Amino acid sequence: MAGTYDPDSWPACWVLEVLARTGSAAEFYRSPLWRRLSAHVRREQHHQCYCHLHPNEFPHLRGQRPAIVRAAVVHHVHPLRQRPDLALSEVDEEGRPNLICVCATCHWPLDHPVQQLPDIPERW
């Protein structure tokens with residue numbers, strides 16, 4: 001069936017092996033394959049991030065149209081650990097973008113969603 005995730009397919013098996021061996025995706029992100037692809041995506045998307053997260057730089061645009069800022073990062077819409085088969089795919093099986101250019105400010109909340117901190121009572 002088309003679009004079915006197969007962990008034994010390439011590049012999924014390679015990405016999963018890297019993650020299992022090193023505990024990190026750093027080796028994948030340093031690979032020539034990723035560097036070439038991410039450079040291509042940045043060129044194709046004109047190094048632009050349609051940013052909603054710069055209230056200090058663009059307070060008049062907050063909640064309105066996004067500001068266009070220079071993108072520094074290529075982000076996996078489908079997280080690498082969840083969909084290693086899409087590690088080197090610009091689109092997913094339904095044709096939606098999988099790799100997007102974002103600035104560092106936008107990338108942090110995408111990779112690190114806000115988590116509720118435990119309610120710890122004050123000690124003094």
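What percentage of the 124 residues of the protein count as buried? The share is 31%, where buried means under 20% relative accessible area, exposed means over 50%, and partly exposed lies in between (1.4 Å probe, protein chains only). Welcome to a predicted model, in which local features need pLDDT of at least 70, side-chain atom pairs count only at pLDDT 80 or more, and totals for chains, interfaces and linings use all residues. Residues are numbered from 1 along each chain as its sequence is written, and side-chain values use heavy atoms, with hydrogens and water left out.

**Overall layout**
- The protein has 4 helices and 4 strands, counted as DSSP runs (helices: H or I, at least four residues; strands: E, at least two) and numbered from the N terminus.
- Read from the N terminus, the order of elements is α-α-α-β-β-β-β-α.
- Of the contacts (heavy atoms within 4.5 Å) between residues at least 6 apart in sequence, 55% join residues at least 24 apart.

**Salt bridges**
- There are 6 salt bridges, each a side-chain nitrogen of Lys or Arg within 4 Å of a carboxyl oxygen of Asp or Glu.
- Glu 17, Arg 21 and Glu 27 form a salt-bridge network, in which Arg 21 and Glu 27 meet at 2.8 Å, N to O.
- Glu 27 is partly exposed at 28% relative accessible area, and Arg 21 is partly exposed at 48%.
- Arg 83 pairs with Asp 85 in a salt bridge, their closest N and O atoms 2.8 Å apart, and both residues are buried.
- Asp 92 and Arg 96 form a salt bridge at 3.0 Å, N to O; Asp 92 is buried at 5% relative accessible area, while Arg 96 is partly exposed at 42%.
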